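The following exercises are to be worked with the sequence and the coordinates at hand. Each task is followed by a solution in steps.

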Amino acid sequence: MRRMRRAAVGLLLAALCLFAACAPQQASPYYVGFSLASLYVGGEAVSAREKEDVSASVTQLLHEIEDMVSAERADSDVARFNAASAGERVAVGEHTYALLSLCKELFAETGGAFSPALYNLSELWGFTPEFEGTYTRPRPEPSAEQIADAAALSDFDDVILHEDGTVSKARDGVRIDLGGVAKGYMSDRAARLLTETFGSSVDAILSVMSNSVLMGHKRGANASLGYTASIENPRAAVTAGSGAGQGLFVIGLSDAAVSTSADTYRSYVYGGRIYSHIIDPSTGKPSENGVISIMVTVPRSVPYAGARADAYSTAGFCMPLTEALAFYVGLAEERGVGAVVITADWKFYAVGDCTALNRTEYAALVSPETEIEDIFVRSDAAAAEDAVVACAREEEYIRYVAERSGR
């Protein structure tokens, strides 16, 4: 019961951590793992057997999708498309075609800031799967010519969807990777499976890797706060003390998808700069807009809320800060989206339908006796500037990472 209550508080959201206990074993050919917590139907907790059965069904569904869309599987739809020649039509499965269709919409909606056609650039910068184990290795930038050559084959407009369910490319060498949106799509489809199994009165936390769907409403302890998502502290390495791993909290969530992107996963430091795996399509380089973390919440009433949360959180890294904040304001007005953006001056901006609390504010609600310090300072989006100057603590973090990596 204690574990269920902690899950209901929302601190185990996989949007904020990897749920290692639920990840596949190393012997498994599958990479994607999921977590299902706080599962209620009609206000009653489901039995262990029911949860086990539906978890098996979700696992089967996720494996089916991964078989189609994984860039790491030699026989996947994505791998076959990447190997195809210009003009060659590749027959793909339902999930691949649905994802590519959604990506076309997201590509246009974000002005190209979100794009799944950046595989060549990611490979050039050393962030594709074959470089696993060396992502943090310090290395100089590729040459301007190399970047230009890879960027020329990284235009999502060169990916063509045909009405017969096939896809093709306009130029040889164009390659895609759906990893930036696939986890959210998997969460969406898994949530649909739960609804089909139990009906519409499902309350649960369903997480697929770094994306979570909060179904219905929170049950159990602190239910009045709604679901609570803790935003992982991307600078925990240099911030000691109680709860250093948690930077901020978003409360009052219900029926929403949540996704967080940060510059800490697959990144390295070279020459006093952090090089993130998030590639800016407009420059062909790792994003450098002063943003270090973005959490996005999307109401489940919005189609493909989980996939959109994934894409929106990535897109904000690839725009000037003021443009990113304005983008989220527009999404808030149009779709009820919320966003929390943390920058390298250790400020945070809460935009839209989103109640973000600092560590002390959250502790005052749930654990007043806890001694805790804030890490990030609240700031007004209207006062934001594109030129983000790293604060002293940020420079300390960069030095720490550089020293540990040897450069």
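**Exercise 1. Determine which strands helix α10 lies across, and describe the sheet that they form.**

Step 1. Helix α10 (residues 359-366) lies across β8, β9 and β18, and its direction makes an angle of about 55 degrees with β9. Axes are lines fitted to C-alpha atoms, for helices over the stretch in contact (heavy atoms within 4.5 Å), and angles run from 0 to 180 degrees between N-to-C directions. Helices (H or I, at least four residues) and strands (E, at least two) are DSSP runs, numbered from the N terminus.

Step 2. The 3 strands form an open sheet with antiparallel pairing, in the order β8-β9-β18. Two strands pair if DSSP finds at least two bridges between them.

Step 3. The edges are held by β8 (227-232) and β18 (355-357); each has a single partner strand, so one side of each lacks a neighbour in the sheet. On average, neighbouring strands of this sheet are turned by 25 degrees against each other, direction ignored.

Step 4. Strands β8 and β9 (residues 246-253) run antiparallel and are joined by 5 bridges. Alanine 229 has valine 250 in β9 as its bridge partner.

The model is predicted: local features need pLDDT of at least 70 and side-chain atom pairs count only at pLDDT 80 or more, while totals for chains, interfaces and linings use all residues. Residues are numbered from 1 along each chain as its sequence is written, and side-chain values use heavy atoms, with hydrogens and water left out.

**Exercise 2. Carry out the analysis for helix α2.**

Step 1. Helix α2 (residues 48-69) contains 22 residues; its first and last C-alpha atoms span 31 Å, close to the expected 32 Å.

Step 2. Val54, Ser55, Val58, Leu61, Leu62, Ile65, Glu66, Met68 and Val69 are the buried residues of α2. Viewed down the helix axis, these lie within an arc of 150 degrees, so they line one face.

Step 3. Arg49, Glu52 and Gln60 are exposed on the face of α2 turned away from the buried side. The buried residues of α2 pack against β1 (34-41), α3 (77-83), α4, α7 (179-198) and β6 (202-208).

**Exercise 3. Describe helix α11 and the residue that follows it.**

Step 1. The 14 residues of α11 (residues 392-405) should span 20 Å at 1.5 Å a residue, and the end C-alpha atoms are 20 Å apart, which agrees.

Step 2. Glu394, Tyr397, Ile398 and Ala402 are buried in α11. Their arc, seen down the axis, is within 130 degrees, so they line one face of the helix.

Step 3. The face turned away carries the exposed residues Ala392, Glu403 and Arg404. Among the elements covering the buried residues of α11 are β11 (267-270), β12 (273-276) and β15.

Step 4. Glycine 406 follows α11, with a positive phi near 90 degrees.

**Exercise 4. State where methionine 209 is placed and whether it is buried or exposed.**

Step 1. Methionine 209 is in the loop between β6 and β7 (211-215). Its phi is near 55 degrees, a positive value in a residue other than glycine.

Step 2. Methionine 209 is buried, with a relative accessible area of 10%.

Note on methods
Expected span 1.5 Å × (residues − 1). Buried < 20%, exposed > 50% of the residue type's maximum accessible area, 1.4 Å probe, protein only. Arc of directions from axis to C-beta.
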